[in-house]
Amino acid sequence: MGRVKEIIRQMKDNDYRSFDEFYSMTSKLVYYIISDIIKNRQTVEDLMQDTYLKFIQNIGSVNPNQNPNAYLAQIAKNLALNEYNKRKRVVVDDTYFTNLKDQQSDVGSGIDLGIINYLEGIEKEVVTLKLIGDLKFREIAGMLNKPIGTVQWVYNNAIKKLREKVGEEYD
């Protein structure tokens, strides 16, 4: 997290040489947040660009004492929800989820992130923010406007479901 904060400080000083590194450190989080709401790959990629543009435009608002991933995640979620509300109708094909799993299974967290698709709604969102975004429960609770205890409870239940699902897969 220290390197991300250092890059943020550089960008606040209009030094964008480390932006590629910042992007590679945060893009999986942004991708998962947007793709959880928007199921069209091209739209997801467009919204990722919009997310980073908006982040850079508002770099002065980023609090150096807080997790910048939470700020970036909130921008991504808001843009995706705005796009979803514009469309109100999403057509999903099965190849999208196959491609998503293939592309994102190399995330360094040591788990196959395709299994997260077994979760629904808030469980999926909490697990994604915790495991991929490396956010603290306090930060997730703030983003979701839920009490910390509720977020921890949702996370623990989701992890239990995933453990059960993994057990079924290996039986």
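## Glu123 and its partner

Glu123 counts as buried at 13% relative accessibility (buried is under 20% relative accessible area, exposed over 50%, partly exposed in between, with a 1.4 Å probe and protein chains only). Its salt-bridge partner is Lys161, at 3.0 Å from N to O (a salt bridge puts a side-chain nitrogen of Lys or Arg within 4 Å of a carboxyl oxygen of Asp or Glu). The pair links distant parts of the chain: Lys161 sits in helix α8 and Glu123 in helix α6, 38 residues apart. Lys161 is partly exposed, at 43%.

This is a predicted model: local features need pLDDT of at least 70, side-chain atom pairs pLDDT 80 or more, while totals for chains, interfaces and linings use all residues. Residues are numbered from 1 along each chain as its sequence is written, and side-chain values use heavy atoms, without hydrogens and water.

## Other salt bridges

The structure holds seven salt bridges. Asp36 pairs with Lys124, with the closest N and O atoms 3.1 Å apart. This pair also joins distant parts of the chain, helix α2 to helix α6, across 88 residues. Lys124 is buried at 12%; Asp36 is partly exposed at 26%.

Arg3 and Glu6 meet at 2.7 Å, N to O. Both lie in helix α1, three residues apart, about one turn (helices are DSSP runs of H or I, at least four residues; strands are E, at least two; numbering starts at the N terminus).

## Ser35

Ser35 lies in helix α2, residues 19–37. Ser35 is buried, at 3%. A polar atom of its side chain lies 3.4 Å from the backbone oxygen of Tyr32.

Notes. Polar contact = N/O pair within 3.5 Å; in protein donor to acceptor, adjacent residues only side chain to side chain.
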